[in-house]
Amino acid sequence: MSNLDRLRVAFRTALALPEDYDVDKLEYRGIEKWDSLAHLSLVGEIEDTFDVMIDTDEVIDLSSFDKAVEILGKHDVDFSG
């Protein structure tokens, strides 16, 4: 499974979304389920999935799926494949 697919699974798991839900254009508060509490669950799920520690500024900046890709890239997670 690619890292992009692993991130999609993390989003769907943390936000309790269906398996086929398209999360690629998802933004914070773009859906009712992505509230502040779910945001913390999402951060935890991403940290567990990729074995990284996301700092406070990054938690605040994590405002979309694309931003998650960008933040994880700073933690040496490769999304090129």
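Which residue forms a salt bridge with D24? I started my notebook with that one, and R8 is the partner, its closest N and O atoms lying 2.7 Å from those of D24.

**Ground rules.** I am working with a predicted model, where local features need pLDDT of at least 70, side-chain atom pairs count only at pLDDT 80 or more, and totals for chains, interfaces and linings use all residues. I number residues from 1 along each chain as its sequence is written, and side-chain values use heavy atoms, with hydrogens and water left out.

**Entry 1: salt bridges.** I counted a salt bridge wherever a side-chain nitrogen of Lys or Arg is within 4 Å of a carboxyl oxygen of Asp or Glu. By this rule I get three salt bridges.

**Entry 2: around R8.** I placed R8 in helix α1 and D24 in the loop between α1 and α2 (36–50), so this pair ties together parts that are 16 residues apart in sequence. My helices are DSSP runs (H or I, at least four residues), numbered from the N terminus. I then found R8 in a salt bridge with D5 too, at 2.7 Å from N to O. D5 and R8 are three residues apart in helix α1 (residues 3–14), which means about one helical turn separates them. Put together, D5, R8 and D24 form a linked network of salt bridges.

I also looked up accessibility (buried is under 20% relative accessible area, exposed over 50%, partly exposed in between, with a 1.4 Å probe and protein chains only). R8 is buried at 17%, while D5 is partly exposed at 32% and D24 is partly exposed at 22%.

**Entry 3: the pair in α4.** I found E70 and K67 joined by a salt bridge of 3.0 Å, N to O. They sit three residues apart in helix α4 (residues 65–74), so about one helical turn lies between them. E70 is partly exposed at 41%, and K67 is partly exposed at 22%.

**Entry 4: α1 against α2.** I read an angle of about 145° for the packing of α1 and α2, with the axes 9 Å apart. Axes here are lines fitted to C-alpha atoms over the stretch in contact, and angles run from 0 to 180 degrees between N-to-C directions. For the contact (heavy atoms within 4.5 Å), I noted residues including L7, A10 and F11 of α1 and L42, I46 and F50 of α2. By class, the contact has seven nonpolar, four polar and two charged residues. I took Ala, Val, Leu, Ile, Met, Phe, Trp, Tyr, Cys and Pro as nonpolar, Asp, Glu, Lys and Arg as charged, and the others, Gly among them, as polar.

Terms used: Helix = DSSP H or I, 4+ residues; strand = E, 2+ residues; numbered from the N terminus.
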